[in-house]
Amino acid sequence: RTGLRRISQPLLRLIALTVGWSLTLSVNTYCLFGSRFLGYGQSQLSTTFSCGAAATVATQLLLFPRLVRMVGEHAACSVGLLGVCLGLGGFSMLWQQPGHLAFYLMLRMGSGVADTSTATLVALDSETKEARARNLGLITSTRAAARIVTPMLSGHLFEVSCGSAAAPGALPYLLASSLACSLTPLPLLLQRSAKQSEKSEGEHQRNGSARGVTRLMVRVDRK
């Protein structure tokens, strides 16, 4: 392995952690955000969460397979991360409807694409069955860790930013959005690194075969 492929699995786990954080922000922290700044009661929050869950499931079942067939797993992951980035930043800054709900649904759809494609990339990047099982287990552990750590972190950042005049309560959303934005090109870079690595390995094998044939011909000539 060369280039980014040597650290591809840790980078994919970072993507999984970011997507997990976005899900925390879209449910746990959103309860605080919606009730404090949007005046949402339990019925409005429940309706929002139901719409978000429906959008995620529909995306994973209907949109994701078509997107993968069109652009591939790596580009699909980048598209999902871009949706997470725009959705988090958009609905935390835009409170008016229907724009707020549109950005929220964009987040849930983007997280559905990014989460599913990340697991796919982890499996594709694993060289053996044992490595695939280990890497998928680590991805599951990363998601579980995100559900433990990010609610406390997000709650603290939310409380810190509630007094902000420019973007009250938006700090955890903007930080997670920035992280997702910085990771958006990563799947495409991993794809390019994998292609370069495969090309180098192919050239190395061809050169080795050519040297073997040359040595054989030399031995034959000597005889």
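Helices here are DSSP runs of at least four residues, numbered from the N terminus. With that convention, Thr-24 lies in helix 1, which covers residues 8–38. Keep in mind throughout that this is a predicted model.

First, the overall picture. The chain has 7 helices and 0 strands, so written from the N terminus by the DSSP runs, the order is α-α-α-α-α-α-α. Of the 223 residues, 42% are buried. Among contacts with a separation of 6 or more, 76% are between residues 24 or more positions apart. The chain exposes about 11,900 Å², and carbon and sulfur atoms supply 64% of that area.

Is Thr-24 buried or exposed? Its relative accessible area is 5%, and because the cut-off for buried is under 20%, Thr-24 counts as buried. Leaving out residues up to four places away in sequence, Thr-24 touches Thr-29, Ala-146, Thr-150, Pro-151 and Ser-154. Take Ala-146 from that list. Thr-24 and Ala-146 are 122 residues apart along the chain, yet their C-alpha atoms are separated by 8.2 Å.

Ser-26 is also found in helix 1. Its relative accessible area is 0%, so Ser-26 is buried. Which residues does Ser-26 touch, not counting those up to four places away in sequence? They are Phe-49, Tyr-104, Leu-107 and Arg-108.

Setting aside its neighbours within four places in sequence, Leu-88 is in contact with Ser-22, Leu-25, Leu-107, Tyr-173, Ala-176 and Ser-177.

On to charges. Side chains of opposite charge can pair when their charged atoms come close. How many salt bridges does a search of the whole structure find? It finds 2.

One is between Arg-36 and Glu-159, with the closest N and O atoms 3.7 Å apart. Arg-36 lies in helix 1 and Glu-159 in helix 5 (residues 129–161), so this pair ties together parts that are 123 residues apart in sequence. Arg-36 is partly exposed, with a relative accessible area of 46%. Glu-159 is partly exposed too, at 43%.

In the other, the side chains of Asp-115 and Arg-143 meet at 3.0 Å, N to O. Asp-115 sits in helix 4 (residues 99–125) and Arg-143 in helix 5, 28 residues apart, and the pair links distant parts of the chain.

Last, the surface. Val-57, Leu-61 and Leu-62 form a nonpolar patch there, with about 310 Å² of accessible area together. Leu-62 belongs to helix 2, residues 42–71. Why is Leu-62 called exposed? Because its relative accessible area is 56%, and the cut-off for exposed is over 50%.

Technical notes
Residues are numbered from 1 along each chain as its sequence is written. This is a predicted model: local features need pLDDT of at least 70, side-chain atom pairs count only at pLDDT 80 or more; totals for chains, interfaces and linings use all residues. Side-chain values use heavy atoms; hydrogens and water are left out. Helices (H or I, at least four residues) and strands (E, at least two) are DSSP runs, numbered from the N terminus. Buried means under 20% relative accessible area, exposed over 50%, partly exposed in between (1.4 Å probe, protein chains only). Contact means heavy atoms within 4.5 Å. Patches are made of residues with over 30% relative accessible area and no salt bridge: like charges are joined within 9 Å, nonpolar side chains (Val, Leu, Ile, Met, Phe, Trp, Tyr) within 5 Å. Accessible areas come from the Shrake-Rupley method with a 1.4 Å probe; for residues, only the protein chains shown count as cover. A salt bridge is a side-chain nitrogen of Lys or Arg within 4 Å of a carboxyl oxygen of Asp or Glu.
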